[in-house]
Amino acid sequence: MKHRLQFAGKKLIRMALLLLGVSIVTFLLMCASPLDPLQTNVGQVALGSMSPEQVARLEAYWGVDTPPVQRYLGWLGGVLHGDMGTSLLYRQPVLTVIGQRLANSVFLLLAVWVFSGILGLVLGVAAGAFRGKWPDRLIRGYCLLISSTPTFWLAILLLLIFSVWLGWFPIGLSVPAGVAADAVTFVDRIRHAVLPALTLSITGVANIALHTREKMIDVLESDYVLFARARGESETSVILRHGLRNVSLPAITLQFASVSEIIGGSVLVEQVFSYPGLGQVAVTAGLGSDLPLLLGITVITSAIVFAGNLIADLLYGAADPRIRRGAARE
Amino acid sequence: MEPILEIEHMSVYFTQYERGIRRRVLPVIRDLTLSVEAGQIVAVVGASGSGKSLLAHGILGILPYNSHMEGEIRYAGEPLPRERSAELRGKEIVLIPQGVNYLDPLMKVGAQLRKGSRDEKVRERTSRALRRYGLSEETEEMYPFELSGGMARRVLIASAVTGIPRLIIADEPTPGLDVRAAKRILGHFRELADEGAGILFITHDLEQALTVADQVAVFYAGETIEVASAADFSDVENLRHPFTRAIWRAMPEHGFHPVSGTQPYPGSRETGCSFAGQCSASTETCRETDLIPLRECCGGMVRCLHPGKEASL
């Protein structure tokens, strides 16, 4: 038990350092941004017609005249007191904005995560088991093709086919336009989430399937599979009993590591589908120089990704008998 | 007595691709002939890389996909095609592998030996087999990493006797064991042979092979070069092939003379005796004759044009 606590403690310290680093990098990138917040958000014409006092007030609002170090420390101080600041664009607390958008995205991201994980595992195991034969070639060809396809382009393609030509799915947003919030049904939400989820899944599957295939091939060439075959276990039994079992451990790592890719992919995909999720608001915050919001989003998504990896580590300890029993005997 | 296993002119080839497109067929076992009778232990002795393990995989029908096999294998008098060995392996024909690596690291020992069967009879047979080698019920609940080296080896032997095996192929079952531990393991083999099983004991250790085997087949670069009874090894004059004589002299109690040179890689030699490069008695004909046949010679078999000659060391 003691070393579990030590492990968790070390991880928490590492997480704090990571989040600090991520926020500093984000802040520096924003400082280096060539966009002038006033011109972007207020507009050249409007600025020209304003009195110097009004411009000065706007500059103070967007923090243009505050030295960068002071701005960052101000933000950090607030965060340490539990205050993530107020979004400059939305004029709402950052946490509220993120909370709303995350609620929109979470369903989408979770669906993608589960779907691409399971399908990727199945395809990878199948490809490994049929190594060199046509199912393997088909799956590998698909994975390589998809891996080299830009996500946003795939999103546009699906939009073109399924929304424009076939008209099966709505063209964008997460709910129908012009419908009162309480009149939106669950089915409406699903219909709006299908295409973005599909895009992210199609790309997510490729990576997981290719990695799983490699591992599956290693397992099938191992001594213990040779012995299982020598003892008369059928090929199905070898794949299901030994293959899946031994592929499942790296699959856990892979599955939780894919959290970062899905969140990263969602930024582009939500943009294409005008899906008002966390990814889209990240783009808005970046382009609109909304520093508190962008910092908030980066820190929170980093924390989610970190938590994913942490869960993978902990699950590994529970799933691998060599770690589980090894720890129990100490 | 009717042989349980007869192998005649068995060859195993691997197909390799060189630089992507050039296909190359590599012979790793050439023209192998040997037979095992019920109740008999036949040792196959050869250096590592001589293709011994592939012999085992060939009999079991589990050669890798990029290989193919020629020649004839007969089991209990009947031909043994791949489908037949698929039916028999794990039941009548069993493999005892080298070590703990051959157990699935993530599966408990008991579950592994039961091969997924939930049958009460299978459970009973498995624990009986483990008990026979002094392994308690607790062993069944252990993962392979929790076994000691000796336990792992006993588990592997126990795996062979969950049924009633008629042919046991032991592939280097005693590496890294001290003499006493190895003797105990070999004692188990003798016991299994006395119960009526034929045993093919694959090893690189001639000394160990002689302590337990009835017959010894000497393997060199993928060929059987001599088949001799264990008794023949009491006197070097009884041995037929220069290589066998050379390894006899390399044994500690016979002077520890090393055999100079190394065996050729598979596929590196086209014609002639594979030992010619290391044999001082070799002549022009030894190097040029295409595939010297294995022939009867003074109660054993030998693949040599000048049997009984010494390779001077």
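Across the interface of chain A and chain B, the rule finds zero salt bridges, a salt bridge being a side-chain nitrogen of Lys or Arg within 4 Å of a carboxyl oxygen of Asp or Glu. Keep in mind that this is a predicted model: local features need pLDDT of at least 70, side-chain atom pairs count only at pLDDT 80 or more, and totals for chains, interfaces and linings use all residues. Residues are numbered from 1 along each chain as its sequence is written, chains are lettered from A in the order in which they are written, and side-chain values use heavy atoms, with hydrogens and water left out.

On the side of chain A that touches chain B, the residues split into 12 charged (Asp, Glu, Lys and Arg), six nonpolar (Ala, Val, Leu, Ile, Met, Phe, Trp, Tyr, Cys and Pro) and four polar (the others, Gly among them). In contact terms (heavy atoms within 4.5 Å), 22 residues of chain A meet 29 residues of chain B.

Together the two chains bury about 2,400 Å², with 61% of it on carbon and sulfur atoms; buried area is the accessible area (1.4 Å probe) that two parts lose on being put together, summed over both. A:F227, A:R231 and A:R325 supply 29% of the area that chain A buries against chain B, more than any other three residues.

| Residue | Phi |
|---|---|
| B:H9 | near 50° |
| B:A76 | near 50° |
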